[in-house]
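Me: I've got a model open and want a quick tour. Can we take it piece by piece?

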Amino acid sequence: MDSSIFKYILRHTLKDQVLLLLLTVLSLPFLYATLEVPKLIINDAIGGANVPDELFGYPMDQIRYLFVLSLLFLALVLINGGLKYVLNVYRGVVGERMLRRFRFELFTRILRFPLPHFKKVSQGEMIPIITAETEPLGGFIGEAFALPAFQGGVLFTYLFFIFNQDPMLGLVATALYPFQMYIIPKLQRRVNQLGKQRVIAARRLGDRIGDTIAGIREVHAHDTSHFERSVVSERLGSIFELRYEIYKKKFFIKFLNNFLAQVTPFFFYFFGGYYVIQGELSLGALVAVLAAYKDLSAPWKELLKYYQTKEDVRIKYEQIVDQFQPATLMDVPLQDAPPTPLDTAKACWEANKVAYAEHEGINLIDQLSFRIALREHTAIVGMGGSGKEELGLLLARLLVPTGGRLYLAGTDITALSEATLGRHLAHVGANAHLFGGSLRDNLLYGLRHRPQDEPEEEAAAYRAQQLAARQSGNSEARPDGRWYDLEELGLESEAALHERIHRVLALVDLNDDVFAMGLLGYLEPHHPQTLEGQLLEARRRIHNRLQQAEYKGLVELFDWPHYNTNLSVLGNILFGASDNKSLNIERAAGNPQVQRFLEEQGLLEDLLLIGYRLTEIMVDLFSDVEEDSDLFERFSFIRAEDLPDYRALLGRTGKEHLARAPAEVRQKLLALTFQLSPARHRLGLIDEAMQQRILQARFSFAEKLEARQFDFAIEFFDQERFSASLNLQDNMLFGRLVYGQAKAQARITALIHDVVNEVGLEEAIIDVGMDFQVGSAGGRLSLAQRQKLAIARGLLKDPDALILNEATSGMDPGAETRVLGNLREALQGCGLVFITSRVELARGFDRQLLLERGKLVEEGDGETIRQEVVAESPGDPGDASGGQ
């Protein structure tokens, strides 16, 4: 990147800057005219001194001349305003376009950072740099040359006008400029130094906050919250002191500018007034000079402000560039070059005295020499600190050797592009990252190498966005466009890709998990419409089977004329769900229309009283329970953090006339009542009489909803219709499990599975499960599920070799053995490199390598390795760490 921000600006916006300068120069004559015309109006038109007899062939008198000059002044004001508007908008566009380019370039550089560099920097540092610290650069880039040219031109125009009226007044106007030009930069340099320190301090603060968030479990487990507060407080104090010093110096500069600006008019009044009295200067000229000087301070202040901004931005730019230029930044061609073919049939990894070190003098890999055929199954075994994980990263070129040579298919692996390696190899680590989005998004992520050509009609709709991206030096590809080539994957159609997805899910033992997610999922527009009919058929079969003795009494079906005791109070009133799932318990409790309806039904006061009694019970039961106890999650209607609010509610609210209580109180109490289920919460608060009253309210609610008396919509439960507001399992079951029945969940789940297989819905439900949102970094999945999904992602692109770098360490032994066996069988004829600390998992591999402290100490068929590692592993503390 350019070392100077001005070089960077000119390299990308030279034409724009020239055009801005031309527009600036064009505006100056009009500006001068706006100063000259008022003088003519006062001296000639109003004073009557030089009124022409005619103008452009039209006769003139004093009134007409005044009218013409006034219109001319108005026209000049409009022209000046229009030119300023064009300049400001154009500057803004140029600045924002360059800010977009700069941020994109910084992100692109992050993609080229060597892996070890991320151990030295944190997200808390890098993210604010791109999102926040670059923000001032956008505003500055647009005005880097145009603003000083414009404001300097305005200043020169005003000064030229003043000198033109009287040279002495011109000297008076500029007398204090040399002093300001000397003292202001000195003060500003000190402000800049403090600003640089402030940026560094702010990054340290962000780094610590990010570190604390990442280690929040340790903070709670070790009771170190007070220590963390002290660390953050100290860093906040450093920022405060720096900003305090900056404010003092900045406002002193401002005070000095304002003071000097107010001193100059004294000389104007004294000398200008003297010249007017002596008849050496007209009153109109003095008034025009005073008006010009009044406007003169604005461009001067803008120039001083520009100087301050320039210095601040210059320092910020230099700091950012320095932060984004690690010594071993990946070369651009390695990331952008197209893939090159490899002779995979005879290819191999060949290491010649390969070494790898992250700290000088400490080799994690030390003088390794070996040969691994790309198509064979190899196990690399080692304890913690043996260098096995680093070797796996080297084989995938995620790390670069610091010594020796590593070849793949006869080519130095450091010279192969990411496109080549990304198509031929797949690496999966123990903590493989999942991106926010769906399971499907993460599975297909490994196929999104380069954008593919799109049909003309699809591409045409995005031409404007692509042009804007091109002008900003950004990627023109659409994230939701076509990103994988079926032919390159060896597939004939999307259906073939669909089959491969299901096959790899089965290989990694993930299909049951995805099936379970699908049961709890909802149908979306992209799912086949025929699914609704199949689900209804499954519902009919399940209900028939529920009549059998073994399932009798396990499910309470949704039945319009009857109260469902396993459904909540709100569920029984609505007996359906809002079409956009927005009318949840909290919102329904606070909805004025719902409260008004309950009052009309004579239920509001009673339901509020039930909520009040429930509050008393919860406060009494949980007052002495620790906040982090799982009892709140399992048994309480009130969250631990909300318990003090409900305790205070009891203290200030009586049981009488609760319907007249404040809206917030009514919402809290109704929200508790709405959660009650008589079968599950056997508190005696919803008796049979109340159930019948609620049932009558259901019927009345349906009538009013049909009459459109509410501003929300409800999709009622209907035995003969599919309900889009229910998940797939609830649609098939169409009821609620009866609470308290032994093993009801397992028995009903098995029943659903049986019926799903009968109807042929399993694959479709797995497709629905693929829409499951994995959360930030896959946080909604277990470690084992994340590892399985990461392996499936690698398998989906059909690599020539799969590298599993402790990638099964989070699975239970049974699942780990099954997955490994499936992969060994499925990858016959393809390469598999399995890196582990558990020697028993390496049995049966074509070759085995044993690493100790970065050195290759044994290789062969595994007999010697097994004996040696088994003998050492029980006492080796590195075993546990190596598997994580």
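Me: Is Asn591 buried or exposed?

Reply: This is a predicted model, so keep that in mind. Asn591 has a relative accessible area of 15%. The cut-off for buried is under 20%, so Asn591 counts as buried.

Me: Where does Asn591 sit?

Reply: Asn591 is in the loop between α21 (585-590) and α22 (592-600).

Me: And which residues is Asn591 in contact with, leaving aside neighbours within four places in sequence?

Reply: Leu583 and Phe712.

Me: New topic. Which strands make up the six-strand sheet, and in what order?

Reply: The order is β8-β13-β14-β5-β15-β16. The sheet is open, and its pairing is mixed.

Me: Which strands are at the edges?

Reply: β8 and β16 (855-860). Each of them pairs on one side only.

Me: How much are neighbouring strands turned against each other there?

Reply: By 15° on average, direction ignored.

Me: Take β13. How many of its residues are buried?

Reply: Five of five, so β13 is mostly covered. Both faces are covered. Ala801, Ile803 and Asn805 are buried on one side. Leu802 and Leu804 are buried on the other.

Me: How does β13 pair with β8?

Reply: In the parallel sense, over five bridges. Gly429 stands opposite Asn805 in β13.

Me: What about β13 and β14?

Reply: β13 also pairs with β14 (residues 831-836) in the parallel sense, over five bridges. There, Leu804 stands opposite Phe834 in β14.

Me: Which unit do β13, α32 and β14 make?

Reply: A right-handed β-α-β unit.

Me: Further along the sheet, how many bridges join β5 to β15?

Reply: Five bridges join β5 (residues 377-382) to β15 (residues 847-852). These two strands run parallel.

Me: Which helix lies across β5, β8, β13, β14 and β15?

Reply: That is α12. It runs at about 155° to β13.

Me: Back to α32. Is Leu820 in that helix buried or exposed?

Reply: Leu820 is found in α32. Leu820 is buried, with a relative accessible area of 7%.

Me: What is Leu820 in contact with, beyond neighbours within four places in sequence?

Reply: Phe834, Leu841 and Phe845. Leu841 is 21 residues from Leu820 along the chain. Their C-alpha atoms are separated by 8.3 Å.

Me: Next, α31. How many residues does it have, and what is its reach?

Reply: α31 covers residues 783-796, which is 14 residues. From its first C-alpha to its last it reaches 20 Å. That is close to the 20 Å expected at 1.5 Å a residue.

Me: How many of the α31 residues are buried?

Reply: Twelve of its 14, and α31 is mostly covered. Among the buried ones are Leu789, Ile791, Leu795 and Leu796. The buried set also includes Gln785, Gln787, Lys788 and Arg793.

Me: What do the buried residues of α31 pack against?

Reply: Two strands are on the list, β8 (425-429) and β13 (801-805). The helices are α14 (439-444), α17 (494-507), α18 (511-519) and α32 (813-826).

Me: Which residue just after α31 takes a positive phi?

Reply: Asp798, at about 55°.

Me: You mentioned α18. At what angle does it pack with α30?

Reply: α18 and α30 (residues 762-769) pack at about 80°, with their axes 7 Å apart. The two helices are therefore roughly perpendicular to each other.

Me: Which residues meet there?

Reply: From α18, they include Val514, Phe515, Met517 and Leu519. From α30, they include Ile765, Ile766 and Val768.

Me: Last one. In what order do the strands of the four-strand sheet run?

Reply: β4-β3-β6-β7. This sheet is open, with antiparallel pairing. The edge strands are β4 (362-373) and β7 (411-412), and each pairs on one side only.

Me: Which helix packs on that sheet?

Reply: α12 (residues 388-395). It touches β3 (348-359), β4 and β6, and its direction makes about 55° with that of β4.

Me: And how many bridges join β6 to β7?

Reply: Two bridges join β6 (residues 403-408) to β7, and the strands run antiparallel. Tyr407 has Asp412 in β7 as its bridge partner.

Technical notes. Residues are numbered from 1 along each chain as its sequence is written. This is a predicted model: local features need pLDDT of at least 70, side-chain atom pairs count only at pLDDT 80 or more; totals for chains, interfaces and linings use all residues. Side-chain values use heavy atoms; hydrogens and water are left out. The expected span of a helix is 1.5 Å times one less than its number of residues. Buried means under 20% relative accessible area, exposed over 50%, partly exposed in between (1.4 Å probe, protein chains only). Contact means heavy atoms within 4.5 Å. Two strands pair if DSSP finds at least two bridges between them. Axes are lines fitted to C-alpha atoms, for helices over the stretch in contact, and angles run from 0 to 180 degrees between N-to-C directions. A crossover is right-handed if, with the strands pointing away from the viewer, the path from the first strand over the helix to the second runs clockwise. Angles under 35 degrees count as roughly parallel, over 145 as roughly antiparallel, 65 to 115 as roughly perpendicular and the rest as oblique.
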